[in-house]
Amino acid sequence: MNQLLLSIIIPAYNEEKRLPVYLARILEYLELQDISYEIIVVDDGSHDLTAEVVDRFKQENVRVKLIRLSRNGGKGCAVRAGMLQASGKLRLFADADGATPIAELERLQKAIDSGADVAIASRAMKDDSCIINAHLHRKVIGRVFHYIVTTLTVKGIHDTQCGFKLFTAEAAQAVFPLQRIDDFGFDVEILYLCQRYGYRIAEVPVNWTDIAGSKVSLIRDSLRMFADIFRIRFNDLTGVYRQ
């Protein structure tokens with residue numbers, strides 16, 4: 001059996017309202033493409049009808065799959081679970097809110113085709129063909145976080161946190177087993193590991209719109225992410241990331 005070209009991993013925690021809209025758009029888009037694919041929704045211990053919503057999609061399309069985690073482990077935990085069970089040559093993780101339109105996948109895939117091992121969507125890079133609709137407080141906190149990230153961990157990346165990242169199977173299989181952070185700081189950890197082991201990262205400007213209903217607490221989760229930055233450095237210094 002030939003390997004699938006594309007796996008899309010969607011971490012979902014209490015996303016019964018936002019997920020079906022984005023999932024329908026993804027399926028509509030993929031059905032117009034001549035590619036083999038699978039969509040893996042990882043239900044991160046939801047307490048609402050997220051799993052039931054996915055089951056309805058599964059009944060209509062066998063390429064939609066569901067992984068149910070018994071407890072809420074965090075976005076990083078959900079992404080790792082999906083990445084390690086995926087079978088695509090290319091593996092995208094996309095936030096369930098649909099802030100990044102699925103058609104932006106084409107921009108990331110071009111970067112992979114040009115030699116990158118990892119292509120990440122960026123809200124910080126300027127491009128006349130892209131529109132970013134983000135609240136001011138997100139931009140301010142993002143700039144502060146970016147300064148700390150580039151000082152201590154990931155170099156040369158303008159936006160580590162956009163939830164739309166594409167990996168080759170080789171890169172995904174190398175770095176996700178080493179991931180130790182399960183909260184929102186996992187993006188930085190994964191990119192740090194990619195750089196540590198020599199995988200080429202391409203940052204790609206995309207269209208992005210802030211979608212209502214975010215579960216991110218800018219104060220609480222920002223503090224956690226700042227703590228995660230120091231944890232990444234500690235993990236590296238103590239040999240946690242050795243293959």
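Guide: Let's start with a term: a residue is buried when its relative accessible area is under 20%, exposed when over 50%, and partly exposed in between (1.4 Å probe, protein chains only). This is a predicted model, where local features need pLDDT of at least 70, side-chain atom pairs count only at pLDDT 80 or more, and totals for chains, interfaces and linings use all residues. Residues are numbered from 1 along each chain as its sequence is written, and side-chain values use heavy atoms, with hydrogens and water left out.

Visitor: Why does K75 count as buried?

Guide: Its relative accessibility is 15%, and the cut-off is under 20%, so K75 is buried. K75 lies in helix α3, residues 75-85. Helices here are DSSP runs of H or I with at least four residues, strands are runs of E with at least two, and both are numbered from the N terminus.

Visitor: What is K75 in contact with, leaving aside its neighbours within four places in sequence?

Guide: P11, D44, F93, D95, G163, D182, F184 and F186. Contact means heavy atoms within 4.5 Å.

Visitor: How do you know that the span of helix α1 agrees with what it should be?

Guide: The expected span is 1.5 Å times one less than the number of residues. For the twelve residues of α1 (19-30) that gives 16 Å, and the end C-alpha atoms are 16 Å apart, so the two agree.

Visitor: Which residues of α1 are buried, and what makes them line one face?

Guide: They are L19, Y22, L23, I26, L27, Y29 and L30. The arc is taken from the directions from the helix axis to the C-beta atoms.

Visitor: And what puts the buried residues of α4 on the same side?

Guide: In α4 (residues 105-113) the buried ones are L105, L108, A111 and I112. Their arc around the axis is only 125°, so they sit on the same side of α4. Exposed K110 and D113 are on the face turned away from that buried side. Elements covering the buried residues include β1 (6-12), α1 and β4 (90-94).

Visitor: Why are C77 and C162 called buried?

Guide: C77 has a relative accessible area of 18%, which is under 20%, so it is buried. C162, at 0%, counts as buried by that cut-off too.

Visitor: How many disulfides are there?

Guide: The count is zero, where a disulfide is a pair of cysteine sulfur atoms within 2.5 Å.
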